[in-house]
Amino acid sequence: MNMPKKTPVYVTQPLLPDLQDFLPYLETIWENKVLTNAGPFHQQLEQALCDYLGVKHICLFANGTLALMTALQALRISGEVITTPYSFVATAHSLLWNGIKPVFVDVDPVTLNLDPRKIEAAITPHTTAIMPVHCYGQPCDVASIEKIADNYNLKVIYDAAHAFGVRHQGTSVLNYGDLSVISFHATKIFNTFEGGAIICPDAKTKLRIDRLKNFGFVDEVTVVAAGINGKMSEINAAFGLLQLKGIDAAREQRRAIDAAYRVQLAGVPGIHCLTAGEGDAANHAYFPILVGPAYPLSRDQLFGALREQEIYARRYFYPLISDFPMYRDMPSAAPARLPIAQRASSQVICLPIYPGLADDIVAAIVAIIAAPFTTTIDS
Ligand SMILES: *Cc1c(COP(=O)(O)O)cnc(C)c1O
């Protein structure tokens with residue numbers, strides 16, 4: 001096969017503005033000598049993100065994992081929390097770091113998000129909250145989850161790490177639940193190198209979170225909680241402000257790549273593309289495909305065939321969180337109780353998608369996937 005590409009292709013490539021454009025921000029920091037602790041760039045980015053995302057309050061963090069851990073503290077969550085095994089490991093780790101027991105519940109076969117129909121059976125007298133994930137930025141069934149949470153008096157904290165800019169039924173998906181947590185890690189669609197945030201609906205909760213992320217300080221001499229240092233620095237916040245200027249163009253490029261994959265993969269038997277729900281505005285953060293039984297190769301064989309051509313796709317999310325050693329002995333982690341998540345985990349490949357990914361590389365990736373159907377035997 002004739003490959004047009006010259007260099008390895010990774011699942012993502014971080015969005016970076018022109019370095020020249022960042023220098024004025026650095027000069028400002030050097031002039032005013034405020035490096036952290038809710039400085040001017042930190043405050044500006046919080047306001048800019050509230051405006052861009054359409055949310056009321058945002059608390060910036062040094063990364064998404066600290067934001068998840070602090071969100072649980074802010075709502076005083078304890079005991080057991082129902083969550084999904086089909087996610088990045090930080091989802092469940094944030095529970096363990098708070099001494100909370102994760103209870104894994106299987107996912108919906110269409111969205112691969114926590115299946116609300118299976119939540120009730122997992123609720124015990126110790127359950128205090130639900131932590132679903134908008135996996136790949138696909139909104140959870142937020143209405144059903146809210147109903148269950150109301151019935152059982154549970155809190156809902158969404159791990160919305162993938163859901164930057166996603167809208168559901170005319171509003172930001174980050175406005176659902178008690179709190180939502182987002183990540184600005186380098187691999188996410190909007191990055192501040194490292195970073196994250198908690199989205200919260202009211203000023204009182206924001207104040208509590210802002211104290212918790214600053215050691216619990218209220219003023220110079222008053223500490224009201226065993227808080228942590230979770231603050232985003234001025235460099236990261238300034239960078240975020242610059243990144244926001246390019247985010248719409250980046251999202252448009254992602255949308256076009258997403259559309260190209262869908263058209264070109266449509267005729268390939270056994271390859272299934274996940275689709276956004278009706279009325280949802282997607283962010284095209286990922287392009288997951290499921291390699292089904294009708295495809296001639298196993299998922300891992302296709303993954304290997306891509307690697308041979310230096311296409312470094314990723315198997316998000318394999319292994320399941322529930323299969324890692326610190327979780328696998330829990331009763332809710334038993335593979336037999338999570339058949340849909342197990343199947344998805346064994347079938348999924350996330351294909352490369354990022355601004356600047358060239359059309360001919362997308363076509364080359366599709367050609368590798370379609371190769372078992374098109375290769376002619378010649379000796
Ligand atoms: C990236 C990610 C996190 C962690 O965010 P960091 O900013 O890397 O700490 C948490 N949950 C999910 C689902 C993620 O993808």
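I began with Leu174, which sits in the loop between strand 8 (171-172) and strand 9. Helices (H or I, at least four residues) and strands (E, at least two) are DSSP runs, numbered from the N terminus. I am working on a predicted model, where local features need pLDDT of at least 70, side-chain atom pairs count only at pLDDT 80 or more, and totals for chains, interfaces and linings use all residues. Residues are numbered from 1 along each chain as its sequence is written.

Why does Leu174 count as buried? Leu174 has 30 C-beta neighbours inside 10 Å, so it counts as buried. The cut-offs: buried is 20 or more other C-beta atoms within 10 Å of a residue's own, exposed is 12 or fewer, partly exposed is in between, and C-beta atoms are placed from the backbone.

I listed the partners of Leu174, leaving aside neighbours within four places in sequence. They are Leu53, Val55, Ala160, Ala163, Ser180, Ile182 and Ile199. Contact means C-beta atoms, placed from the backbone, within 7 Å.

Next I went to Ile198. Leu174 and Ile198 are 24 residues apart in sequence and 9.3 Å apart in space, C-alpha to C-alpha. Beyond four places in sequence, Ile198 is in contact with Cys59, Phe61, Ala67, Thr70, Ala71, Leu179, Val181 and Ile209.

Then the core. The largest nonpolar core has 100 residues, and Val181, Ala197 and Ile198 have the most contacts inside it. Helix 3 gives the most to this core, with seven residues. This core also draws at least three residues from each of domain 1 (19-242) and domain 2 (247-374). A nonpolar core here is a set of buried Ala, Val, Leu, Ile, Met, Phe, Trp, Tyr and Cys residues joined through C-beta atoms within 7 Å.

I followed helix 3 (64-74). Of its 11 residues, 11 are buried. Their cover includes strand 2 (57-61), helix 4, strand 6 (155-159), strand 9 (179-183), strand 10 (196-200) and helix 6 (203-212). After helix 3 comes Arg76, with a positive phi near 55°.

On to the domains. The protein chain is divided into domain 1 (19-242) and domain 2 (247-374); the bounds come from an automatic or database domain assignment. Their C-alpha centres lie 25 Å apart. I find 30 residues of domain 1 in contact with 30 residues of domain 2. Helix 4, strand 4 (101-104) and strand 7 (167-168) each supply at least two residues of the side of domain 1 that touches domain 2. That side has 19 nonpolar, eight polar and three charged residues. Ala, Val, Leu, Ile, Met, Phe, Trp, Tyr, Cys and Pro count as nonpolar, Asp, Glu, Lys and Arg as charged, and the others, Gly among them, as polar.

Which residues come nearest the ligand? Of the 14 around it, Gly64, Thr65, Phe88, Ala161 and Ser183 do. A residue is near if its C-beta atom, placed from the backbone, lies within 6 Å. Helix 3 and helix 4 (90-96) each supply at least two residues of this shell. By class, the shell has four nonpolar, nine polar and one charged.

Last, the whole chain. I count 10 helices and 17 strands. Buried residues make up 43% of the 379 residues. The C-alpha trace spans about 80 × 55 × 40 Å along its principal axes.

Definitions and conventions
Two residues are in contact if their C-beta atoms, placed from the backbone, lie within 7 Å.
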